[in-house]
Amino acid sequence: MPKRILQGTVVSDKNEKTVVVKVERRFTHPVMKKTVRLTKKYKAHDENNAHKVGDLVFIQESKPISKDKRWVVITADQA
């Protein structure tokens, strides 16, 4: 089964080798027919601390790295 890849914005880089990525999901509400925007934050592994707040990144799901981290930051050419 292929691993999911999501695109998001880095909102925090304070932790060592970890970034918090905000991913926005848009869909049309089934009854109201309005576009709904939902956001969710994911903790992702950033081995070299290369990404800073505001960067647009791709994250890929992986095996559990810690209690909260199940995602890894990948480069744009891997996405």
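The model is predicted. Its five strands close into a barrel in the order E1-E2-E3-E5-E4, with mixed pairing. From one strand to the next, the twist averages 55°. Strands of a sheet pair through backbone hydrogen bonds, in either a parallel or an antiparallel sense.

**Antiparallel pairings**
- Strand E1 (residues 5-12) and strand E4 (residues 56-61) run antiparallel and are joined by five bridges.
- Within this pairing, Ile 5 has Gln 60 of E4 as its bridge partner.
- Eleven bridges connect E2 to strand E3 (residues 35-45), and these two strands also run antiparallel.
- Thr 28 stands opposite Thr 35 in E3.

**The E2-E3 hairpin**
- E2 and E3 form a hairpin, with six residues between the two strands.
- Lys 33, located in the turn, has a positive phi of about 60°.

**Parallel pairing**
- E3 pairs with strand E5 (residues 71-74) in the parallel sense, over two bridges.
- His 45 has Val 72 in E5 as its bridge partner.

**Glu 16 in the E1-E2 loop**
- Glu 16 lies in the loop between E1 and strand E2 (18-28).
- Glu 16 counts as exposed because its relative accessibility is 62%, and the cut-off for exposed is over 50%.
- The side chain of Glu 16 makes a polar contact with the side chain of Asn 49, at 3.1 Å.
- Glu 16 and Met 32 are 16 residues apart along the chain, and their C-alpha atoms are separated by 43 Å.

Notes
Residues numbered from 1 in each chain as written. Predicted model: local features only at pLDDT ≥ 70, side-chain atom pairs only at ≥ 80, totals over all residues. Heavy atoms only, no water. Pairing = 2+ DSSP bridges. Helix = DSSP H or I, 4+ residues; strand = E, 2+ residues; numbered from the N terminus. Axes fitted to C-alpha atoms, helices over the stretch in contact; angles between N-to-C directions. Buried < 20%, exposed > 50% of the residue type's maximum accessible area, 1.4 Å probe, protein only. Polar contact = N/O pair within 3.5 Å; in protein donor to acceptor, adjacent residues only side chain to side chain.
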